Amino acid sequence: MTVKRYSRDEMAAKVARDIAEGAYVNLGIGLPTLVANHLPRDREIVLHSENGILGMGPAPAAGHEDMDLINAGKQAVTLLAGGAYFHHADSFAMMRGGHIDVCVLGAFQVSVAGDLANWHTGAPDAIPAVGGAMDLATGAKRVYVMMEHLTKGGESKIVASLTYPPTALACVDRIYTDLAVLDVTPQGLRVRERAEGVSFDELERLTGVALKES
Amino acid sequence: MIDKTVSTLEVAVAGIEDGATVMVGGFGTSGIPAALIDALIAQGARDLTVVNNNAGNGDHGLAALLAARRVRKIVCSFPRQVDSWVFDGLWRAGAIELELVPQGTLAERIRAAGAGIGAFFTPTAVGTELGAGKETRLIDGREHVLEHALRADYALIRADRADRWGNLVYRKAARNFGPIMAAAAACTIVEVREIVPLGALDPEAVVTPGIYVKRVVMIPPERPSVASPQGAPRPWDGPAGAGVGAA
């Protein structure tokens with residue numbers, strides 16, 4: 001049977017579906033920014049940007065960019081009615097103080113214990129840059145990861161223990177990949193959903209760690 | 001009479017010594033005090049330690065200060081960007097020291113300095129390279145690392161409007177590190193779009209009270225976002241001879 005991998009937009013839609021009405025949410029740079037396009041219109045969800053914005057809106061129309069109003073990826077954004085600006089220490093107090101309900105992050109690797117690696121490959125010539133990754137992973141109430149299930153070389157990005165430098169330990173709650181959605185539980189990884197054409201046994205074989213069926 | 005306003009960028013950055021620690025506001029180019037950085041390049045101070053979220057963009061502003069080899073060390077959270085080639089080159093050549101700090105820890109270390117807090121415990125960076133070797137403590141069953149306050153000799157920040165007492169309001173998300181850096185530096189120098197009469201700022205809306213501010217210089221709004229070629233006259237320098245030269 002042919003495998004029907006989730007597209008990036010399908011992954012983003014699955015994350016968006018799991019974000020509740022009234023949630024304060026931080027979307028990481030890269031893949032997670034797609035989630036904003038899929039948030040249900042009938043829910044009021046407040047987006048936080050690390051540079052001091054709550055109530056962040058979509059990109060402005062061409063020609064209306066204001067570079068004093070940008071997101072964490074330094075792209076022009078807008079402010080929705082009800083939005084607010086605040087300084088950097090307040091912005092990170094929202095993360096570190098446990099006020100952000102959900103953050104969605106990309107990752108190089110996630111371990112069975114929910115350890116996250118997403119800031120540095122550890123390669124000797126790679127310039128390290130951490131930004132807000134450690135604060136978000138440590139402080140948000142729930143941490144969701146979006147990533148491809150396998151590397152380009154076919155190795156699982158879900159691992160027994162990290163081989164990349166950790167961002168934070170035991171922080172990830174749920175993993176959304178192109179093959180499955182998995183919960184990190186004290187008993188191990190529990191499969192919530194599988195892409196069409198991927199059996200549980202095949203998923204476990206590809207992942208390389210023991211999984212639990214939902 | 002208190003008057004913190006100064007008439008030129010040259011006066012604004014006067015006295016910054018070699019070896020000083022200088023905080024520079026901004027997140028990427030949002031809120032970056034570009035005119036003050038240009039003035040600092042012209043002023044000539046070297047062997048600086050710079051604190052900023054990033055490590056310069058393109059070839060102007062902070063990147064130009066780095067390219068002029070005035071910076072010994074940079075303390076930041078996110079040096080690597082698509083347009084950070086100046087920093088990247090210096091780092092690969094071993095020509096600049098980097099202290100990498102998680103962004104929230106950076107902000108809180110700055111805030112702590114301004115509030116007279118010597119150090120604090122945080123769970124951020126526990127179990128990571130950036131927490132390695134730091135004092136730890138178990139608080140409410142969770143491991144924390146000790147992080148020290150980060151203070152500076154000078155802060156260069158950009159705000160939108162100021163009065164002669166140094167009260168500041170910012171514009172949109174350009175506020176970012178401005179308020180906390182203003183409090184963490186011994187001498188805070190601010191470039192603003194407009195200086196207004198005392199009493200014209202809504203006291204309910206003042207973000208940085210003047211107690212944290214030493215000098216304010218007005219940068220006319222027509223300033224382009226990218227610096228002019230070196231030596232070319234720039235509108236924000238004022239009439240010839242009145243401002244600071246870029247060359």
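Two strands pair if DSSP finds at least two bridges between them; strands (E, at least two residues) and helices (H or I, at least four) are DSSP runs, numbered from the N terminus. This is a predicted model, in which local features need pLDDT of at least 70 and side-chain atom pairs count only at pLDDT 80 or more, while totals for chains, interfaces and linings use all residues. Residues are numbered from 1 along each chain as its sequence is written, and chains are lettered from A and ligands numbered from 1 in the order in which they are written.

**Sheet of chain B**
- E5(B) and strand E7 (residues 142-148) of chain B are joined by four bridges in the antiparallel sense, with B:Thr122 opposite B:Val145 in E7(B).
- H5(B) packs on the sheet, touching E5 and E7 of chain B, and its direction makes about 150 degrees with that of E5(B) (axes are lines fitted to C-alpha atoms, for helices over the stretch in contact; angles run from 0 to 180 degrees between N-to-C directions).

**Strand pairing in chain A**
- Strand E1 (residues 24-27) of chain A runs parallel to strand E2 (residues 46-49) of chain A, joined by three bridges.
- E1(A) also pairs in the parallel sense with strand E5 (residues 102-105) of chain A, over three bridges.
- A:Asn26 stands opposite A:His48 in E2(A) and opposite A:Cys103 in E5(A).

**Interface**
- In chain B, 35 residues are in contact with 30 residues of chain A (C-beta atoms, placed from the backbone, within 7 Å).
- H5(B) gives five residues, the largest share of the side of chain B that touches chain A.

Terms used:
Two residues are in contact if their C-beta atoms, placed from the backbone, lie within 7 Å.
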